[in-house]
Amino acid sequence: MVVSERLSQIREYYFSTKLKEIDDLKKAGNDIFSLAIGSPDFPPHPDVIKTLHEEALKPNQHGYQSYRGTELLRKAFSEFYETYYQVSLDPATEVLPLIGSKEGIFHLCMSYLNPGDEALVPALGYITYRAAVLLSEATPLTYSMKEENDYFPDFEELENTDLSKVKMMWVNYPNMPTGQMPTLELFEKLIAFGKKHNILICHDNPYSFILNVNPMSILSVPGAKETAAELNSLSKSHNMPGWRVGVLAAREEITSDVLRFKSNIDTGMFYATQAAAAKALSLPAEWFQTLNLEYWKRRVKAHEMLDVMKCSWNSNHSGMFVWAKIPDTYKDAFEFTDKLLYECGIFITPGQVFGESGHRFIRVSICSPTHVFEKAIERVKAVTW
């Protein structure tokens, strides 16, 4: 069989192929530390597990669920946004639960992009943005993200770009992979840009609570709902990546359009999962404070390891990754990370995975205990850098 043209435009996800290589190394007897993937190693709150268990035991909770998600979960998301972002969302019309926010990226692209359309995607970012645009048969148009500009879009450069075919722009702050935090001014500029050019600003916001005392939503900007939609997730903030619980927050027109597409692909989540997710969203602020204390300890160790390898890093970042520049003695990040993997048994992510402008950077995940970092530090100290 010959694959479709749309599939031929994209590659297998980097981690999907690289993890096969890691498995082969492990089978050959190598002890590999993985500091690459942002999958929280902490469990969810005990009350979340308890709710899942209690609801799953009920004999009448195993049927199909609403495509819109339960009222319980939609209300929980609405209250969460009001509490932490000071954003008012109508739970009946402006909240659409998702089976993980990753599917929302594809749903938005498939709902609004046509062949011939263009979508702005970041030069450094989650590679799924570009893949989703390509699979919708539209054209990704890369906008620059420079270190000297705090990895913010260059609006002057954008204004000098032909935007006549652009219908959508993907943004992500706190940014992955760089950890750059947003500012209110940035969000205001994005909303103004979207309104001026009739572009849907799609903000992917899963990292706002990790090592960040000021979580922000782009929807907090007055008038943002006119031109913006936001995706969010419980994967990072509540240690629930395998549960696949996300949300699309947007005005009714957008949630209805996406639901029309989504409802032809899947159905609602298991009720017990939705009830447990609602419990997670109701946790007090102390939950995030406790998590961040542990992440802070790990980030200190990650910085120590990077110092040994003569990498430079910026302390003003958030999220569960550390973005660092490699020494000039290496050709690119692939050469550096291969040295680390084969000489030290440590797997981290080369910056090129997130865009060609990341070729001199690496991304270190802090989703491993401090004792793992301590062992990793011992290994890198034994190698010449």
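I looked up Lys 310 and found this residue in the loop between α11 (286-308) and β9 (312-313); helices (H or I, at least four residues) and strands (E, at least two) are DSSP runs, numbered from the N terminus. The phi of Lys 310 is near 60 degrees, a positive value in a residue other than glycine. Lys 310 has 56% relative accessibility and therefore counts as exposed; the terms are buried for under 20% relative accessible area, exposed for over 50% and partly exposed in between (1.4 Å probe, protein chains only).

I note that the model is predicted: local features need pLDDT of at least 70, side-chain atom pairs count only at pLDDT 80 or more, and totals for chains, interfaces and linings use all residues. Residues are numbered from 1 along each chain as its sequence is written, and side-chain values use heavy atoms, with hydrogens and water left out.

I then turned to Glu 137, which is not a glycine and has a positive phi of about 70 degrees. I located Glu 137 in the loop between α6 (127-135) and β4 (139-143). Because its relative accessibility is 39%, Glu 137 counts as partly exposed. Most residues other than glycine have a negative phi, and most peptide bonds are trans.

I next checked peptide bonds. The bond joining Tyr 173 and Pro 174 is cis, with omega about 0 degrees. The bond from Met 176 to Pro 177 is also cis, with omega near 25 degrees. I found Pro 174 in the loop between β5 (166-171) and α8 (184-197), and Pro 177 likewise in the loop between β5 and α8.

I examined the pair α4 (residues 71-85) and α10 (residues 271-281), which pack at an angle of about 20 degrees with axes 9 Å apart. Axes are lines fitted to C-alpha atoms, for helices over the stretch in contact, and angles run from 0 to 180 degrees between N-to-C directions. The two helices are therefore roughly parallel to each other, a term for angles under 35 degrees. On the α4 side I listed Leu 72, Leu 73, Ala 76, Phe 77 and Phe 80; they meet residues of α10 including Tyr 271, Gln 274 and Leu 281.

I finally looked at the largest nonpolar core, which has 94 residues; Met 169, Ile 362 and Val 364 touch the most other members. Such a core is a set of buried Ala, Val, Leu, Ile, Met, Phe, Trp, Tyr and Cys residues joined through side-chain atoms within 4.5 Å. A second, separate core of 24 residues includes Ile 105, Tyr 112, Ala 138 and Trp 170.

How values were computed
Angles under 35 degrees count as roughly parallel, over 145 as roughly antiparallel, 65 to 115 as roughly perpendicular and the rest as oblique. Contact means heavy atoms within 4.5 Å.
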